[in-house]
Amino acid sequence: MRITISTSSVGKVSAELSDGSPKTSRAIWNALPIEARANTWGEEIYFSIPVEEESENPREVVEKGDLGYWPPGNAFCIFFGPTPMSKGNEIRPASPVNIVGKALGDPLVFKKVRSGERITLERA
């Protein structure tokens with residue numbers, strides 16, 4: 001399930017929703033398109049989405065480029081580097097997330113996104 005993540009500072013980034021957390025990925029796909037305001041936390045972007053899912057194969061440490069869903073905040077997360085919770089070079093969310101996909105290409109482009117910037121998720 002290919003999606004596009006769009007912001008004014010980055011343009012369009014292709015991503016793939018995966019089956020790491022199939023129920024959550026499907027719920028996000030069914031909710032598209034989604035438009036929100038980005039929040040940043042270290043090298044993570046997150047924003048609330050109209051999806052309510054429980055933990056599904058939750059991960060405490062994630063990879064660069066991973067897309068996650070954070071159940072406590074009903075939030076979509078884009079990980080591209082260490083967060084305030086990280087130890088060393090690991091990428092650690094505030095609490096475990098459901099991995100729902102991966103950004104394609106270089107996820108470091110997301111460093112350009114600022115809090116409050118409009119972000120859109122849509123089917124590619």
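The model is predicted: local features need pLDDT of at least 70, side-chain atom pairs count only at pLDDT 80 or more, and totals for chains, interfaces and linings use all residues. Residues are numbered from 1 along each chain as its sequence is written, and side-chain values use heavy atoms, without hydrogens and water.

**Fold.** The chain has one helix and ten strands. Helices (H or I, at least four residues) and strands (E, at least two) are DSSP runs, numbered from the N terminus. Their order along the sequence is β-β-α-β-β-β-β-β-β-β-β. Residues 24 or more positions apart make up 73% of the contacts (heavy atoms within 4.5 Å) with a separation of 6 or more.

**Overall values.**

Buried means under 20% relative accessible area, with a 1.4 Å probe and protein chains only.

**Charges.** There are 15 positive and 16 negative side chains. Lys and Arg count as positive, Asp and Glu as negative; His and the chain ends are not counted. The centres of the two sets lie 5 Å apart, with each charge placed at NZ of Lys, CZ of Arg, CG of Asp or CD of Glu.

**Ser 6.** Ser 6 sits in strand β1 (residues 2–7). Its relative accessibility is 14%, so Ser 6 counts as buried. Beyond its neighbours within four places in sequence, Ser 6 contacts Gly 11, Lys 12, Arg 118, Ile 119, Thr 120 and Glu 122.

Notes
Buried means under 20% relative accessible area, exposed over 50%, partly exposed in between (1.4 Å probe, protein chains only).
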